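Come along and keep the view open while you read.

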Amino acid sequence: MNRRDILALALMPIAFRMARAQTQPPSDFRQRLVGRDEPIIEPELPIIDAHHHLFDRPGLRYMIDDYLADLRSGHRIVASVYVETMAFARTDGPEVLRPLGEIEFANGVGERCARGACGGSQVCAAIVGHADLRFGDRAAELLDAAMERSPERFRGVRQVTIEDPSPAPYRFIPSRPPSGVMKAPGFRAGFAQLVKRGLSFDAAVFHHQLQDIIDLADAFPGGTIILNHCGHAMAMDMDEEGRSRVFREYRRLMFEVGRRPNVFCKIGGLGMPFWGFRFEEREDPIGYLELATAWRPYVETTIEAFGVHRCMMESNYPPDSRSAGFVPLWNALKHIVRGASAEEKSALFHGTAAKIYRIHMPGLHDAREPSGLPRQ
């Protein structure tokens with residue numbers, strides 16, 4: 001057994017000991033358990049959840065047993081992509097290397113799930129870690145260390161770069177990202193280190209920042225950029241006219257980004273408050289049809305702009321549970337694309353994610369194969 005395997009095994013008990021499922025979600029995640037009695041649309045459709053998180057913060061906790069409880073609610077989640085939130089980062093040592101702590105944590109969870117601890121679902125089959133690319137060439141040390149520690153799962157990095165002139169979105173962002181990240185000295189040198197190693201970049205921006213993604217994609221045509229959350233139209237605290245104006249600009253920019261063949265897009269994140277749906281203010285249960293009605297224009301725009309073979313579905317759990325239960329969320333996404341062909345659904349719900357994040361799952365296209373997670 002090599003050092004990498006020993007490290008993964010050592011972290012497994014820690015990850016699972018910390019992960020006691022919650023019977024009641026925090027108030028921020030008030031819709032999480034809603035809709036568990038909804039009939040599952042296309043229950044045998046295999047899903048690779050292209051974006052979820054695990055963390056344990058004061059008053060805000062979502063760990064592996066919580067995610068597994070959601071997986072057991074009926075949809076067939078066969079694998080998942082862990083995406084950084086800067087949780088479990090090292091608290092000492094060189095700053096550039098501190099994100100290794102979270103990558104090691106996620107790899108420990110993934111290793112245990114690969115050995116059958118997650119009921120047959122390959123949770124954390126791919127890992128998107130954090131990196132501050134403003135370190136420039138110094139980011140290479142972090143990337144090489146991450147690839148050494150998690151060669152089977154580490155696939156790229158995310159650096160949240162959302163910013164907005166309004167204070168509104170920062171009510172829902174625990175740690176405000178620095179401004180001007182993608183224009184900072186060193187960022188492109190750091191990005192070049194990703195491209196050199198065949199690693200991807202998950203981009204988290206608001207719609208009015210999409211020109212930065214266009215510029216980055218044009219500067220690095222050999223790089224792979226994965227736009228998070230349908231490109232995130234920022235329309236909080238706006239009236240109907242303001243939201244319509246934002247949508248028109250959003251749609252124009254999404255088609256412009258979609259012309260770059262090295263940019264892919266995740267469909268999800270629609271449960272967060274930034275879109276202006278105001279579902280997060282609701283106390284009553286929200287079902288999948290209401291979600292689908294609100295989300296449809298953005299989902300359809302994304303698919304039109306990028307095509308099904310550059311789109312992948314995500315839960316963005318638990319942040320999206322502010323507005324959507326796990327069952328209604330996936331039901332809504334399935335309902336919106338109900339007219340798609342079987343091949344198109346295959347790409348949207350697992351094929352694109354498997355290709356981009358290099359997740360190998362024999363028999364994935366066999367819709368009769370059970371997930372191994374009985375519904376609870």
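These are my entries, one topic at a time.

**Entry 1: what I am looking at.** I noted at the start that this is a predicted model.

**Entry 2: helix 8 and helix 9.** I began with helix 8, residues 288-306, and helix 9, residues 326-336. I looked up how they pack and found an angle of about 55 degrees, with the axes 8 Å apart. Angles under 35 degrees count as roughly parallel and 65 to 115 as roughly perpendicular. Helix 8 and helix 9 are therefore oblique to each other. I also wrote down that helix 8 passes helix 9 in a right-handed crossing.

Next I asked which residues of helix 8 meet helix 9. On the helix 8 side I listed Y288, L289, L291, A292, W295, R296, V299 and E300. Their partners in helix 9 are P328, L329, N331, A332, L333, H335 and I336. Sorted by class, this contact of helix 8 with helix 9 holds 11 nonpolar, two polar and two charged residues.

**Entry 3: helix 7 and helix 8.** Helix 8 has another contact to look at, with helix 7, which spans residues 240-258. Here the axes come within 8 Å and cross at roughly 20 degrees. Helix 7 and helix 8 are therefore roughly parallel to each other. The crossing of helix 7 past helix 8 is right-handed.

Helix 7 brings R243, F247, Y250, R251, M254, F255, V257 and G258 to the contact. Helix 8 answers with P297, Y298, T301, T302, E304, A305 and F306. I sorted the contact of helix 7 with helix 8 by class and got nine nonpolar, three polar and three charged residues.

**Entry 4: helix 5 and helix 6.** I then turned to helix 5, residues 187-196, and helix 6, residues 210-219. Their axes are 12 Å apart and the packing angle is about 55 degrees. Helix 5 and helix 6 are therefore oblique to each other. Helix 5 passes helix 6 in a right-handed crossing.

The contact uses F187, R188 and F191 from helix 5, and D215, L216 and A219 from helix 6. By class, the residues of the contact of helix 5 with helix 6 are four nonpolar, no polar and two charged.

**Entry 5: the largest pocket.** What volume does the largest pocket have? I wrote down about 1,100 Å³. It is lined by 43 residues, and the closest to its centre are T85, M86, V160, I173 and S175.

Strand 2 (55-57) and strand 6 (154-160) each give at least two residues to the lining of the largest pocket. The largest share, three residues, comes from strand 6. By class, the lining of the largest pocket has 21 nonpolar, 10 polar and 12 charged residues.

**Entry 6: two backbone details.** I finished with the backbone. Which two residues does a cis peptide bond join? They are Y317 and P318, with omega at about 5 degrees.

F88 sits in the loop between strand 4 (77-83) and helix 3 (100-114).

Technical notes
Residues numbered from 1 in each chain as written. Predicted model: local features only at pLDDT ≥ 70, side-chain atom pairs only at ≥ 80, totals over all residues. Heavy atoms only, no water. Axes fitted to C-alpha atoms, helices over the stretch in contact; angles between N-to-C directions. Helix = DSSP H or I, 4+ residues; strand = E, 2+ residues; numbered from the N terminus. Parallel < 35°, antiparallel > 145°, perpendicular 65-115°, else oblique. Left-handed = near helix turned anticlockwise from the far one by under 90°. Contact = heavy atoms within 4.5 Å. Nonpolar A, V, L, I, M, F, W, Y, C, P; charged D, E, K, R; others polar. 1 Å grid on protein atoms, 1.4 Å probe; cavity = no way out; pocket = protein on both sides within 12 Å on 5 of 7 lines; lining within 4 Å. Points joined across faces, edges and corners; volume = space filled by probe spheres on them.
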